[in-house]
Amino acid sequence: MTDDWNDYADGWDDNSDVRYYASRAFASLDEHLNLCGKNWRSKRVLDFGCGTGLLAEKVAPHVKEVVAVDTSEKMIAVLKAKNLPNVRAVHGDMLAGNVQEVEIGFSGFDLICASSVCAFLPDYSGAVAVLAGLLNKGGHFVQWDWQASDEGGFGLTLHQMKAALEAAPLGSIRVERIFEFNSDEQVMPVLIGAGVRNTA
Ligand SMILES: C[S@@+](CC[C@H](N)C(=O)[O-])C[C@H]1O[C@@H](n2cnc3c(N)ncnc32)[C@H](O)[C@@H]1O
């Protein structure tokens, strides 16, 4: 493995594990928010750390617009080449405030998704707080990440996820194991973390 996500962009969509993760994430998103229902058709979504857009391309048919942001130029290039009609693919680091391409429309989201992104961030809690601030009141934040067995392991623990969502601050918090991978006799669980921006 290298630390540069650009190195994975070309073969990303050919990886069956990655596709499985995205399809399970989307299924749980629909179960959680009824995303395929008609209430979402006028809504705006941010797919934070979108990669090649495997989740964005599933969400887009059900909503008005998906803004898909990633710090990997090559991941974004793969997504742009898909020419998805209502997906705006943007290269940049929103957390560092250096997104040049789009100044307008970088807030006011009804839903922010982050699929297998947050555990890779140097300041996970700080990132959730920034993202929560981009939500409309009553807007939803939903993340999926590998579950760490303890605080030192890779991924996030149930406790870390719950604490970050509460601190953001988000309400109506849900944190639980949502699906898992079985590989080489090893079970790799995935957590869903979800919360809502206060309407007050
Ligand atoms: C494991 S991949 C997941 C990609 C995609 N969400 C998926 O499920 O296929 C992690 C992604 O997070 C992106 N990423 C890492 N740090 C980021 C940041 N600060 N802002 C936006 N994207 C970031 C990486 O470039 C990479 O594309």
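1. Strand E6 spans residues 171-183 and contains Arg-174; Arg-177 lies in strand E6 as well. Strands (E, at least two residues) and helices (H or I, at least four residues) are DSSP runs numbered from the N terminus. The model is predicted: local features need pLDDT of at least 70, side-chain atom pairs count only at pLDDT 80 or more, and totals for chains, interfaces and linings use all residues. Residues are numbered from 1 along each chain as its sequence is written, and side-chain values use heavy atoms, with hydrogens and water left out.

2. Arg-174 is buried, at a relative accessible area of 15%. Buried means under 20% relative accessible area, exposed over 50%, and partly exposed in between, with a 1.4 Å probe and protein chains only. The side chain of Arg-174 makes a polar contact of 3.5 Å with the side chain of Glu-31. A polar contact is a pair of N or O atoms within 3.5 Å; within protein, one must be able to donate a hydrogen and the other to accept it, and residues adjacent in sequence count only if both atoms are side-chain atoms.

3. Arg-177 is partly exposed, with a relative accessible area of 47%.

4. His-91 belongs to strand E3 (residues 87-91) and is partly exposed at 31% relative accessible area. The side chain of His-91 reaches the backbone oxygen of Thr-71 at 3.1 Å. His-91 and Ile-76, 15 residues apart in sequence, have their C-alpha atoms 6.1 Å apart.

5. Around the ligand there are 17 residues, of which Trp-12, Gly-49, Asp-70, Thr-71 and Ser-115 come nearest; a residue is near a molecule if one of its heavy atoms lies within 4 Å of it. This shell divides into 9 nonpolar, 6 polar and 2 charged residues. Here Ala, Val, Leu, Ile, Met, Phe, Trp, Tyr, Cys and Pro count as nonpolar, Asp, Glu, Lys and Arg as charged, and the others, Gly among them, as polar.

6. An oxygen atom of the ligand lies 2.5 Å from a polar side-chain atom of Asp-70. A ligand nitrogen atom is 3.4 Å from an N or O atom in the side chain of Asp-93, and a ligand nitrogen atom is 2.8 Å from a polar backbone atom of Ser-115. The protein covers 93% of the 600 Å² of accessible area (Shrake-Rupley method, 1.4 Å probe) that the ligand has on its own.
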